[in-house]
Amino acid sequence: MASVVTGAQNKRPNPNSTSAAATREGDQLIITPLGAGNEVGRSCVYMSYKGKTVLFDCGIHPAYSGVAALPYFDEIDPSTIDVLLITHFHLDHAASLPYFLEKTNFRGRVFMTHSTKAIYRLLLSDYVKVSKVSVEDMLYDENDIVRSMDKIEVIDFHQTLEVNGIRFWCYTAGHVLGAAMFMVDIAGVRVLYTGDYSREEDRHLRAAEVPQFTPDICIIESTYGVQLHQPRPVREKRFTDVIHSTISQGGRVLIPAFALGRAQELLLILDEYWENHPELHNIPIYYASPLAKRCMAVYQTYINAMNDRIRTQFANSNPFDFKHISPLKSIENFDDVGPSVVMASPSGLQSGLSRQLFDKWCADKKNACVIPGYVVEGTLAKTIINEPKEVTLMNGLVAPLNMQVHYISFSAHADCAQTCGFLKELMPPHIVLVHGEANEMGRLKQKLVSQFADSNTKLYTPKNCQSVTMHFSSEKMAKVIGKLAEKVPETGESVSGLLVKKGFTYQIMAPDDLRVFSQLSTANVTQRITVPYTGAFEVIKYRLKQIYESVESPPVEETEVPTLIVHERVTIRHESDTYVVMQWSADPISDMVSDSVVAMILNIGREGPKVTPIEEKTQEEMERMARKVVHSLMVSLFGDTKFGEDGRLVITVDADVARLDIKSGEVECENQGLRERIKTAFGRMQGAIRPIPKP
Amino acid sequence: MGTSVQVTPLSGVYGENPLCYLVAIDGFNLLMDCGWNDLFDPSLLQPLSRVAKSIDAVLISHPDILHLGALPYARKHFGLSAPVYATEPVYRLGLLTMYDHYLSRRQISDFDMFTLDDIDVAFQNVIRLKYSQNYHLSENGEGIVIAPHVAGHLLGGTIWKITKDGEDVVYAVDFNHRKERHLNGTVLESFVRPAVLITDAYNALNNQVYKRQRDQEFIDAILRVLRADGTVLLPVDTAGRVLELILILEQYWAQQHLSFPIFFLTNVASSTVEYVKSFLEWMSDSIAKSFEHTRDNAFLLKYVTLIINKSDLENYAGVPKVVLTSMASLEVGFSHDIFVELATDAKNIVLFTERGQFGTLARMLQVDPPPKAVKVTMSKRVPLVGDELKAYEEEQEKIKKEEAVKKASIVKVEEVRATSSHLSESTKGDSMVIDPASATASPKASSHFRGQMDILIDGFTPPSTSVAPMFPFFENTAEWDDFGEVINPDDYVIQEEDSNHMVGNGKSLDVKPDEASVHLLLDSTPSKVVSHELTVQVKCALLYMDFEGRSDGRSVKSIISHVAPLKLVLVHGSAEATEHLKMHCAKHVCPHVYAPQIEETIDVTSDLCAYKVQLSEKLMSNVLFRKMVENEISWMDSVAEKTNEKVFTLLPPPSAPPTHKSVLVGDLKLADFKQYLSTKGVQVEFAGGALKCGEHITVRKISDSSQKGGTGPQQIVIEGPLCEDYYKIRGHLYSQFYLL
């Protein structure tokens, strides 16, 4: 599967291309990010190859609202998409799905993992509830989400599914519970879409797997660019140290975190730390997210999607039954009397409980705010990382920022080392970077370019709606099976049979075997027709012999009634004095013969025997006739056709000149395509001019 | 020629013995299931013992004794060391089933076929797969792909598809096409034309009543007894069909707001349900859906109480109740004891939901008419007292002493080795710790040192280079280079401190048996088994209802004929059922039906020929496909050209090819055709099996019965006098086909 031509194009894909165009451009693989191209958020990557179309992820951009947050769906025709694959439940990967399913003409199938589906439902309902936009800006409502649930199908890790000839399966991605990397196989070309992934095993998730097969194209996230994560134990220690020291100084700790995903990991860390430090037992830990509470059932159930450590613990007690952590409904229920640790959403401190607490606590320097993950550009969390002197509160007042701000990333995205290592193991010939800010992505690209300098790897960093086009020369393999395969042919021998294509696999077989190897069947249609005829049977025989080369009459003893067999195809039986019965097996030539026989028999009845001598045409005359016919047919097909001096036909099409030898059928032409065409056309003409072949 | 396939049954043909079959694919030996029965009869495993060492992989299809019971024994005694493949639930529930059996046996006998450790060891090298996961085998099995698919019947139940070079061997035993409360139906029907299908004839003669009717009767029978103050005993398996029964009861109890207590009593009941709760993705769509919508786990049981101790039942002695308990065979386990208690009271009922295994108490009770009385052996483990205890202790003491002596010698050997190796290397001799893992020195080595054993004091051994005993001494030779002492950077690396507590102790038992069993295991107080025989008058009602969750005879036949394998191998089923199904299939499905005897190897290598070719671009540009259902089809003429050793390239023929016999492709159904004609305004009706079109024309399909499911083309006859209608109808008929 060698690629021949590659190159980024600034051209929009043409999703409306007709099927004819699709076959013509069949070998062209197009990848277009509709979102997450040189940005983080609204992941959505369109891919098309051989007329099959796959869409990866369907997210929204958290920094925008309404239609502006959607990926550029108007670049494509949703009705042409065969399969939509969702990697994980985060809003920037799944939140435009209800819109896409319910408000567009998408008719394909959607897949995600079991745990993703269960959390998706809860998360999006929550999202609809908390997003404060006007009704007309609402992309979808609760009902749309419920309806979308019925359309979503589930896939388990490693399970291989096939839709419309597109084969796909998924690997553990390690980013959040249920996060998957999808491998798509269309006609032998494999594309890996990593989604968000992490190669580091943590408290509850497995590290991303390295696929068994090298993909031809790897579409990979680049969130962290060339940054390197601190080792996990160091990060955990910093995290617990900050919290411990803040608390022991009587301060409060705010952890703004997205309700699902990393929050569970942090809760596991905190619960374990508290367990090991009895002196902290009187300090409460709250996680202020009803959503996280609701999702806990999902975490408690899909233990099998997590790592061995959790599964081992599970044998004793469910590790997601936290002992030291209590839920917090709202700020009204919060009794803010002394040191405490509160984990609240949203992670960006845009609004909601985390913002309320931040406003309340930011002026006191005893307090601390720990930002545990990636923060999106344009949010308050991003602003306070740079530790400004003052911040604007929600009520518009300006307050001093005295609380300590710590940025300790637990974000389960791969860092540069992981990405490089992952790609090095896979060595895909094409790498497409998505899901990263332009700068970070650019740096990562430089780094990868130098890493893969000696290999043939090609790197792309398309912007949104910018297509990457690659060509894969498809090598079509077929399997010859059954009777046709009993003898393996030598060079030059012909192989003829039915070519059956299912998905992208080809089989060649004899017609008799069709039923054996496929669900198709063949049929023989026997036709039997009674033709009124009162004359002598001998007359028919006589007349037939004038027209047909082969008219046989088997002895009456074998057939009971006088019988004639014309060209071993049509049988005529003289069953009664008033009619004859003709029988043959349907096929174009036999039908033609039988029609002529019928016409003849009817004519005998009408006008009586009339003998017309047959003009024996000489071979030469036949030849001349044939030349004339071929010539006139060629003129009608190709236009400018003349007889050359050497007796060959000279056919001129535009600038190409072809010479056809009518006797041997050989064609001389520089243009391969034209030569093939003329050859085919000539073959068909020969078939029409020559006498009926023997079956 | 195709891939060579041989099938050799090792157990479980022409009868209901456990399932165990050897399938060799191009010399790669796959063991399909490794079953035993509830009696743990070693004679059944004789054939397995002869081939166990040559097996390359074991595929397990269901988590019950009949499918995997012999794994620990075969591993321990026969040297079966091949990797085992199973789905996650089969692995987990299979493990629990084995624990339950072991613990039940242990309570009443000095069971020594295998121990809990043997079970753990046997299950340690199970490779767990997901449904439809294509797993590529490596090494000898290169090119073989195995994939588990949904079988129904039990949670995680598997039909195995083994593919090599595009040829499929499908092993499907105990499948269920019906959708149940907790399981989806099998996907067997989606496989079309595998080269070989291995399936069972177990249910070939049984037919089932409707599910709803059966469920109602089941509930009615239970309620009748409960309302008459009786107790219902449901002998069940540990973690298989019992799940379905629990859901039926839960659902009905919830609907009717019943308050009769239900108990689920096995040695591992609470772990079972705890694990089952985390297997939602393996269950039916409706369970998954209800979880996604309401987060209600179907196995969050509200009415069924999980108990692991029979004594918990004592508080409910006189109360009407339902008890689900293992084993289904009544041979051992709680069901055995409870049966003996209940049998004498006519109020009670023993409701069997599956046919008992051959030769077990359950089977005896299922005969018609039921026996009036049965003889049972009651056994109990009692602690040793008095003289017996003393004798036991003395014996233990002796054994301990012997072991201590032996161990000492081993330790010594180890130390000698360690010391000598330290001396010879003498570079980083900083450790006195002896690796405990290598403490199991070979007995040969220990015997070698036996001579010196007596004169050496424990822990002091002379290095081989010294002449007299001395303390171990290791010289720390530091290396120097131009920059000073050479340092090892590894010494300064901060270790991942939590690496050992992150990844749980690999050797630890990853299933926690319930407390009672732990108690039993840890209970080291010497005990013995006392047993006495007694005759139990069977006065209670006995009832059998089919909740086995297997496809019934009729469905099995229709599924097989739909799958239409090229070759069919029948196993597991009474001789009668096997013969019946064999006859049926030979007539209606395919001519190659085999029902081998134990250890009879049959060769089901397909006589299919095949070779691969490459389709050249030039050829394909001239091919015009026609779409038919899922396939696209075309006639192709080409010329082969050898490109290298194995692969041919097909090129377009140099000259016009000779015309071929035309082929009509399509599947004509007369009924559909009738519909079609009537939309075209032709008067049609069926008359004597033929379609009468218009006044004179008849269209018939000639089908001789031997052709059914066969591979020949359909024969269609159109007949009539010469008239306009004839050509019109012929035209319509042609339109139903593709002419190639």
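Asp174(B) sits in the loop between strands S10 (167-172) and S11 (196-200), while Arg550(B) sits in the loop between strand S21 (541-544) and helix H16 (553-563), so the pair ties together parts of chain B that are 376 residues apart in sequence.

A second bridge joins Glu599(B) to Arg50(B), with 3.0 Å between the closest N and O atoms. Here the loop between strands S23 (593-594) and S24 (602-603) is linked to helix H1 (residues 46-51), across 549 residues of sequence. Glu599(B) is partly exposed, at 37% relative accessible area, and Arg50(B) is exposed, at 53%.

Asp26(B) and Lys164(B) also form a salt bridge, at 3.1 Å from N to O. Asp26(B) is partly exposed, at 36% relative accessibility, whereas Lys164(B) is buried, at 15%. Both residues fall within residues 17-222 of chain B, which an unreviewed UniProt entry annotates as "domain: Metallo-beta-lactamase". That stretch is 29% helix and 24% strand.

Over all chains, the structure holds 51 salt bridges. In chain A, Glu102(A), Lys103(A), Asp144(A), Arg147(A) and Lys151(A) are linked in a network of them.

How far can the picture be trusted? Chain B has a mean pLDDT of 81, and 83% of its residues reach 70 or more. Over residues 423-456 of chain B, however, pLDDT stays under 50. Where pLDDT is low, the predicted coordinates should not be read in detail.

Key:
Residues are numbered from 1 along each chain as its sequence is written. Chains are lettered from A and ligands numbered from 1 in the order in which they are written. This is a predicted model: local features need pLDDT of at least 70, side-chain atom pairs count only at pLDDT 80 or more; totals for chains, interfaces and linings use all residues. Side-chain values use heavy atoms; hydrogens and water are left out. pLDDT is the predictor's confidence in each residue, from 0 to 100. Contact means heavy atoms within 4.5 Å. UniProt positions are given in the numbering used here, feature names are shortened, and annotations may be inferred rather than shown by experiment. Helices (H or I, at least four residues) and strands (E, at least two) are DSSP runs, numbered from the N terminus. A salt bridge is a side-chain nitrogen of Lys or Arg within 4 Å of a carboxyl oxygen of Asp or Glu. Buried means under 20% relative accessible area, exposed over 50%, partly exposed in between (1.4 Å probe, protein chains only).
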